[in-house]
Amino acid sequence: MAMRAWGLVLLVLGGAARTGTPAPSGCTRIADIAPQYTITYGAAVQGLFDDYATNGGSAGCVDCHFAPPPEPSGGLDLSAGASWAHLVNVPSQADPQFLYVVPGDPLRSLLFLKVNCDNPGVGGRMPLFGYGGGLLPEQQALIYDWIANGALPGTSDTVYRDGFDLRGLVP
Ligand code: HEC
């Protein structure tokens with residue numbers, strides 16, 4: 001009897017946990033963008049954090065996400081030299097059941113969901129309120145590819161990925 005009651009409690013808790021994190025929605029389609037296999041974190045990904053504006057303007061994630069003072073938005077420091085260690089295998093401050101970056105698994109990485117979806121599951125799409133014009137689909141795809149390639153701090157090793165359909169999972 002006691003065992004059955006516990007089973008019921010766990011069932012209810014499990015259900016509650018699932019409904020607490022709705023599937024991401026309003027995501028931009030990137031399936032048709034040619035994958036990049038060789039990505040250097042510092043130049044490409046950090047470059048985007050520093051300044052993603054391609055229309056002659058200048059805007060970066062680091063305009064909001066930097067180390068104190070003041071407190072970086074969402075507790076996340078994306079400045080050069082700090083960003084990689086703040087992202088890879090690190091739990092989200094807003095919802096620790098998400099990791100910012102799960103190497104090899106973009107669709108479980110909050111960083112990718114936050115730049116790809118209007119409703120990522122935690123807060124809103126980044127950059128916040130389309131600051132600086134937002135990210136192009138190609139820039140979102142770069143983050144996807146970097147994570148899919150293992151989220152390395154240096155240059156991704158494409159040897160084992162060559163010929164792989166990197167975007168096989170993307171709708
Ligand atoms: C105008 C300020 C601003 C800009 C620019 C901005 N962010 Fe944010 N970011 C925020 C705020 C505020 C939050 C917390 C609220 C939320 O998640 O919606 C946040 C949250 C986040 C989170 C989740 C933090 C957590 O612990 O859950 C990630 C990841 C993130 N931003 C990534 C980015 C990236 C990548 C860029 C650049 C493409 C970017 N942000 C640009 C203000 C900004």
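**View 1. Ala 151 is a buried residue, with 25 other C-beta atoms within 10 Å.** A residue is called buried if 20 or more other C-beta atoms, placed from the backbone, lie within 10 Å of its own, exposed if 12 or fewer do, and partly exposed in between. The phi of Ala 151 is near 55°, a positive value in a residue other than glycine. Ala 151 belongs to the segment after helix H5; helices (H or I, at least four residues) and strands (E, at least two) are DSSP runs, numbered from the N terminus. H5 is followed by Gly 150, whose phi is also positive, near 110°.

The model shown is predicted: local features need pLDDT of at least 70, side-chain atom pairs count only at pLDDT 80 or more, and totals for chains, interfaces and linings use all residues. Residues are numbered from 1 along each chain as its sequence is written.

**View 2. Helix H5 is largely enclosed by the rest of the structure, because 9 of its 12 residues are buried.** The buried residues of H5 include Tyr 144, Asp 145 and Trp 146, and the buried residues pack against H2 and H4. H5 reaches 16 Å from its first C-alpha to its last, close to the 16 Å expected at 1.5 Å a residue; the expected span is 1.5 Å times one less than the number of residues.

**View 3. The largest nonpolar core holds 25 residues, of which Leu 111, Ile 143 and Ile 147 touch the most other members.** Such a core is a set of buried Ala, Val, Leu, Ile, Met, Phe, Trp, Tyr and Cys residues joined through C-beta atoms within 7 Å. Helices H2 (41–50), H4 (110–116) and H5 (137–148) are the elements that give it two or more residues, and H5 gives the most, with 7. Ile 143 touches Val 45, Leu 111, Phe 112 and Val 115, not counting residues up to four places away in sequence; contact requires C-beta atoms, placed from the backbone, within 7 Å.

**View 4. Asn 89 is exposed, with 11 other C-beta atoms within 10 Å.** This residue lies in the loop between helix H3 (83–87) and H4. Although Asn 89 is not a glycine, its phi is positive, at about 65°.

**View 5. The peptide bond from Met 126 to Pro 127 is cis.** Its omega is near -5°. Pro 127 lies in the loop between strand E2 (117–119) and H5.

Conventions:
Contact = placed C-beta atoms within 7 Å.
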